[in-house]
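Here is a short briefing on a ligand site. Keep the model open while you read.

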Amino acid sequence: MSMLSHPIHDFHYKQTDLYCEGVRISSIVKKVGTPLYIYSHNTLVEHYLKIVEAFKAVDPIICFAMKANSNLAVLKALVNNGAGFDIVSGGELQKARMVKADMSRVVYASVGKTDQEIMDAIKAGILLFNVESQPELKNIDRIAGKMKKNVQVALRINPDIDSPTHDKINTGSLKKKFGIDLATARSIFLNQKSYKRLHINGIHIHIGSQITKGEPFVTAIKKTLSFIDALEASGVKVEYFDIGGGLGIFYKDENPQTAHEYASKVLPLIKGRKFRLIMEPGRFIVGNAGVFVTKKLYTKDNGVKKFMIVDAGMNDLVRPSMYDAYHEIIPLKASAAKKITCDVVGPICESGDVFAHDRDVADIQDGEYLALLSTGAYGYAMSSNYNVRGRSAEVMVKGNKWAVVQDREVFKDLIRGSHIPEFVT
Ligand code: LLP
């Protein structure tokens, strides 16, 4: 029996129980409790390999955008299969080192990098910095000079196109803080001798996230290629073109492009070009590889609406509150139980603490469980301790094996480093 409209085969019903690969999810929940993120090793690796395979003609450097999911087991599984990383902080750099990433496959973006972060990344020997402003360029040059190191840099340009996605994850227009406008970028390339320690030889774009069709990518890449042509005509050598991430995935009724469809649009555009292609997919690799399990506490009916109250909140999974994101919600135990139209809500003191509005969900008993699908990307990674709630645990499943890959936070974790000074006692 399958009630899944979801095309992710590693999460499926066997008789009435939801499984991740070969493991019954309720058997994990019994031991680990909820709220709980569960990742399928197979889905994770399979999605990474889909991109490798689709782009193999050009052998790109595939840098998994660690911000989507920085669980160490997830990172290790990807490194084991040859992935590099797109990192955005000193913390992410340290995680890349912990899983022994090949530093020649690590790129470092972010609109603001501290001196310490820049120093650590230079020391670690990353492939290049994706730089987003002139002051940042100057600072990296100054630090590299002090360290007597030469550093490769790609300029993140802002192609000034609007991509059809949620405003909060749309990055490619000049109304947003990201990247450098084309005129400034061109003058930086042409005057790069003024940066003694920098080799500015790459171009980076990232136009937004959850983009399900090829057109916006094609528009941005074409615009960037004309920019590259003009640079090369002026004698600049562009050795890397980092086309960012942003590939959309299935959540509800999207029909997102596959890796092959994406490649079939991108590859012809860059045919015959000498630069090395870099990609930074995050969501595409890990989004469908995770589910988030929560326990139903009880239902309340205020005469106008019904609310199904669960033990997880917006601190555990913020995407619905923050981006009006849709995650399919299914019971761990499929039964003939009828559906109930309700808001699925958490316990947090915010009206926005809602996982689903007016949704038909299985009318399960109190104490039974629901899974929110496609929560592998920007799920746990964006969770917080709001309302003094410990962050959930994470589990990885591979075949018939499973393991806790992140312990649930306990109260002790939440007060670590907190102090009440004498003057308030
Ligand atoms: N590269 C850069 C420079 C980025 O800023 C991002 C994501 C990526 C790559 C990866 O994008 P992806 O392939 O995952 O779309 N929290 C939001 C998404 C924020 C994306 C931030 N940047 C969400 O939950 O939808």
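A polar contact here is a pair of N or O atoms within 3.5 Å. By that cut-off, Ser209 qualifies: an N or O atom of its side chain is 2.4 Å from an oxygen atom of the ligand. This is a predicted model. The ligand sits in the largest pocket.

**Polar contacts and burial**
- The side chain of Glu280 places an N or O atom 2.6 Å from a nitrogen atom of the ligand.
- For Asp86, a side-chain N or O atom is 3.2 Å from a ligand nitrogen atom.
- The ligand taken alone exposes 590 Å², and the protein buries 91% of that.

**The shell around the ligand**

**The largest pocket**
- The volume of the largest pocket is about 690 Å³.
- The lining counts 31 residues, and Lys67, Thr171, Phe178, His206 and Tyr378 are the closest to the pocket centre.
- The lining divides into 11 nonpolar, 9 polar and 11 charged residues.
- Domain 1 (11–40 + 287–414) and domain 2 (109–281) each supply at least three residues to the lining.

Terms used: Residues numbered from 1 in each chain as written. Predicted model: local features only at pLDDT ≥ 70, side-chain atom pairs only at ≥ 80, totals over all residues. Heavy atoms only, no water. Polar contact = N/O pair within 3.5 Å; in protein donor to acceptor, adjacent residues only side chain to side chain. Areas by Shrake-Rupley, 256 points an atom, 1.4 Å probe, with all protein chains shown as cover. 1 Å grid on protein atoms, 1.4 Å probe; cavity = no way out; pocket = protein on both sides within 12 Å on 5 of 7 lines; lining within 4 Å. Sits in = over half its atoms within 2 Å of the grid points. Points joined across faces, edges and corners; volume = space filled by probe spheres on them. Nonpolar A, V, L, I, M, F, W, Y, C, P; charged D, E, K, R; others polar. Domains from an automatic or database assignment.
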